[in-house]
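Subject: Structure handover

Hello,

Here is the structure for you to work with. My notes follow below it.

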Amino acid sequence: MESTIEEIRRTVGEEKVLCGVSGGVDSAVLAKLIHKAVGSQLRCVFVDHGLLRKNEPDYISGRLAQSLGFEVEVHDFSETFLSKLDGIVDPEEKRRIIGEQFIRSFESAVQSGADFRFLGQGTLYPDIIESGGVRGTADVIKSHHNVGGLPDDMEFELLEPLRELFKDEVRKVGKELGLPEDVLGRHPFPGPGLGVRIIGEITKERVKILQEADHIFIDALRKHGIYDKIWQAFAVLVPVKTVGVMGDERTYANLIALRAVTSVDGMTADWYRLPENVLSEVSNKIVNLVTGVNRVVYDVSSKPPSTIEWE
Ligand code: XMP
């Protein structure tokens with residue numbers, strides 16, 4: 001780790017670094033690492049693209065900032081992202097739009113005239129492989145938000161000190177840097193966020209439905225003590241309406257899919273055998289508490305041939 005810190009110092013020199021903090025493990029470790037190397041030359045910005053889990057902005061400005069020990073600015077761009085995504089259903093198009101707007105939003109967040117030469121990014125080794133970036137030998141499976149989605153006329157140089165690491169190695173670095181377990185133990189969350197978990201059109205209402213369902217699921221996993229056994233768990237909003245019955249009324253409402261997988265590095269994954277009682281509890285809660293949902297299914301596919309995310 002010392003050599004990485006030295007390398008960051010050498011690369012950055014006297015310049016300033018802007019770092020996107022997302023709430024995830026990678027960007028938290030990245031920010032802490034860069035801060036260790038260049039201290040107050042680093043400015044951390046959280047771009048709220050509105051496609052985050054429930055209560056995420058509060059976590060960023062509260063628990064995360066406190067654990068990092070320095071300020072994280074919160075900038076709400078959710079309306080901009082939503083309007084750019086209006087009517088877009090193609091997954092790659094969504095990723096491109098979110099990736100590009102992400103950079104634009106950073107630029108706008110630092111308009112204060114400060115001159116930032118570098119942009120810190122928490123790109124990991126699997127991101128590069130899966131975006132076809134290793135000597136062009138891999139097919140493009142999904143263009144990752146933090147690699148393929150970058151616009152050509154970007155005004156920053158990228159600083160990606162984690163690009164040779166796998167997730168478990170990033171967590172080890174984070175531990176060495178003194179970050180607490182609850183920050184390091186969080187499940188991975190994709191850059192495009194709920195944008196790739198809302199299949200089909202992204203609207204404010206659909207974001208809300210997914211946030212509520214996802215929150216119930218994750219809460220239950222924590223309550224039953226299985227959150228840490230799972231690599232990643234989340235809900236997906238499927239653009240299918242199905243018939244149900246509520247009291248005496250026929251309903252015609254949304255379908256939520258639950259996904260939980262085990263994995264070592266995200267490159268391959270197996271679906272998690274969730275206990276029946278947990279599945280049942282989560283399904284009941286979602287159907288009863290989330291307006292607009294009347295059916296819940298569990299995803300039993302592994303990677304490959306599926307991917308972890310649905311888009
Ligand atoms: P897939 O769906 O490709 O996901 O099996 C593998 C891991 O990568 C995460 N993921 C992303 N992370 N930007 C990210 O930072 C992205 O665009 C992105 N797409 C997928 C995914 O959540 C899983 O952990």
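Among contacts in the chain between residues at least 6 apart in sequence, what percentage join residues at least 24 apart? It is 76%, with contact meaning heavy atoms within 4.5 Å.

First, the ground rules. This is a predicted model, where local features need pLDDT of at least 70 and side-chain atom pairs count only at pLDDT 80 or more, while totals for chains, interfaces and linings use all residues. Residues are numbered from 1 along each chain as its sequence is written, and side-chain values use heavy atoms, with hydrogens and water left out.

**Overall**

The chain has 10 helices and nine strands. These are DSSP runs, numbered from the N terminus: helices are H or I of at least four residues, strands are E of at least two. The radius of gyration is 20 Å, close to the 19 Å from the globule rule for 311 residues, so the chain is as compact as a globular protein of that length. That radius is taken over C-alpha atoms, and the rule is 2.2 Å times the number of residues to the power 0.38. The C-alpha atoms fill a box of roughly 70 × 40 × 40 Å along the principal axes.

Of the 311 residues, 54% count as buried. Buried means under 20% relative accessible area, exposed over 50%, partly exposed in between (1.4 Å probe, protein chains only). The chain exposes about 14300 Å², and carbon and sulfur atoms supply 49% of that. Areas come from the Shrake-Rupley method with a 1.4 Å probe.

**Val47**

Val47 sits in strand β2. Val47 counts as buried because its relative accessibility is 4%. Leaving aside neighbours within four places in sequence, its contacts are Val21, His75, Phe77, Phe81, Phe102, Ser105 and Phe106. Val21 is 26 residues from Val47 in sequence, and their C-alpha atoms are 7.6 Å apart.

**Lys54**

Lys54 lies in the loop between β2 (42-48) and α3 (56-68). Its relative accessibility is 29%, so Lys54 counts as partly exposed. Beyond neighbours within four places in sequence, Lys54 is in contact with Gln211, Glu212 and His215. The Lys54 side chain makes a polar contact with the side chain of Glu212, at 3.3 Å. A polar contact is a pair of N or O atoms within 3.5 Å; within protein, one must be able to donate a hydrogen and the other to accept it, and residues adjacent in sequence count only if both atoms are side-chain atoms. Gly122 is 68 residues from Lys54 in sequence and 22 Å away, C-alpha to C-alpha.

Best regards
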